[in-house]
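Reader: I would like to learn how to read aromatic rings in a protein model. Please take me through it.

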Amino acid sequence: MNVYIWDMDETLILLKSLINGTYAEAFNGSKNVQSGVEIGKMWENHILQICDDHFFYEQVENCNMPYLDVLKQYDDGRDLTEYDFNKDGFGPPSDDLNKKRLAYRHRAVAHKYKKGLHSILDQDMIKSWSELYDVTDSYTDMWFSAARACLEQCAVGDRDLASSTVSTNDAGDTIFQHVNILVTSGSLIPSLVKCLLFRLGDLIPSENVYSSWEVGKLQCFSWIKERFNGPNVQFCVIGDGWEECEAAESMRWPFVKIDPLPSSFHRFPGLTPKDLGHYFSVVYGNSDEKDNDILAPSGN
C-alpha cells in the first residue's frame, strides 16, 4: 500500500500565489495578475463564509486541533440530532466538559464533510461555487482538475475506479487500494472546508486531514506512520515547502517538490503517479516492474 502525504496550498491547490499575484507574475505578462487576485479573494470569502455558517469556525477558531478524532475519548456518543451548539456553553476553560463539547463539534463536522457541500449549500451558492471552480481551473491551466485526477489515480493504483474491483464497505464508501493524506500548516476547519470546495473530499476523507499548525509536520508524519505502518506500506510526501521536506528527510521518506513556476519540473498539470513511482523506487528499492506499473495511471 502506498501512502501519499500531500501539502495543500501551492500543491493541490493554488490560493496564496493567486492572492499575492506571484503565480501570474511568473508568466511574464501572459496572465492578468489582477484577475488572479480577484479569483483568490473570492475563494477566501467562500471559505470563511462556509467555515462560519456551517462548520462552527467562529466558536472553535481558537481551539485548533491537529485532527478531528484527537478528542474522541471525550465524546460519549450522544445523539446530536437535536443538540443546540449555540446554547451549550462551549468556551474557555479547556476542561473535560468543554473538550466533550468540542468533540461533539468535531463529530458534527465529520458528518457534514462526509455528506458534502451539496447537502448544506443552497442552489445559488452551489452555482456560484461551481462557476468559480471552472474559472479558476481555466485561469491556472487546469491545475485544480489535474491535481484531483492525480489524487484519484494514486488512490486506485492499478484498479479501474469504475470497475467492480474497487470495493465498498458496509456504509457504501469506496475502498481505495492506496491512501491520500493531507497535512497542511493551515487550521483544521478551514482546511477541511478547502478540501470540499476544491472537490477533494471524496478522495481525502476527513480522518485523513491533519493540521500541523501547532504540532509541526514531523509530529503529524510520525502519527501517520504509526497509524499505517506495516511490512508492505510505503510513504511519499508531496509539497512545496521546506518544513515537509525536512520532515520527510527525518522519516527517510521520498519527497517530491512542487513548484508553480511554468518552467518547473513538478507541477500540475504534469505530475503523475508514475513520476511518484520513481521516487518510491529510489527510496524503497522496488525492483519488480509490476510494482511500478501499479503506480501508473490505468491504461499506461
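Reader: Is Tyr133 buried or exposed?

Author: Buried means under 20% relative accessible area, exposed over 50%, and partly exposed in between (1.4 Å probe, protein chains only). Tyr133 has a relative accessible area of 3%, so Tyr133 is buried. Phe144 is buried too, at 1%. This is a predicted model: local features need pLDDT of at least 70, side-chain atom pairs count only at pLDDT 80 or more, and totals for chains, interfaces and linings use all residues. Residues are numbered from 1 along each chain as its sequence is written, and side-chain values use heavy atoms, leaving out hydrogens and water.

Reader: How many aromatic pairs does a search of the whole structure find?

Author: A pair of aromatic rings is described by the distance of the centres and the angle of the planes. Rings of Phe, Tyr and Trp (its six-membered ring) pair if their centres lie within 6.5 Å; planes under 30 degrees apart count as stacked, over 60 as edge-to-face and the rest as tilted. The search finds 16 pairs. One of them, Trp43 with Phe198, is tilted, at 4.4 Å centre to centre and 50° between the planes.

Reader: Where do Trp43 and Phe198 lie?

Author: Trp43 is in helix α3 (residues 33–54) and Phe198 in the loop between α8 (188–197) and β5 (209–211), so their pair ties together parts 155 residues apart in sequence. Helices (H or I, at least four residues) and strands (E, at least two) are DSSP runs, numbered from the N terminus. Trp43 is buried at 0% relative accessibility.

Reader: Which residues do ring pairs link into a cluster?

Author: Trp43, Tyr133, Phe144 and Phe198.
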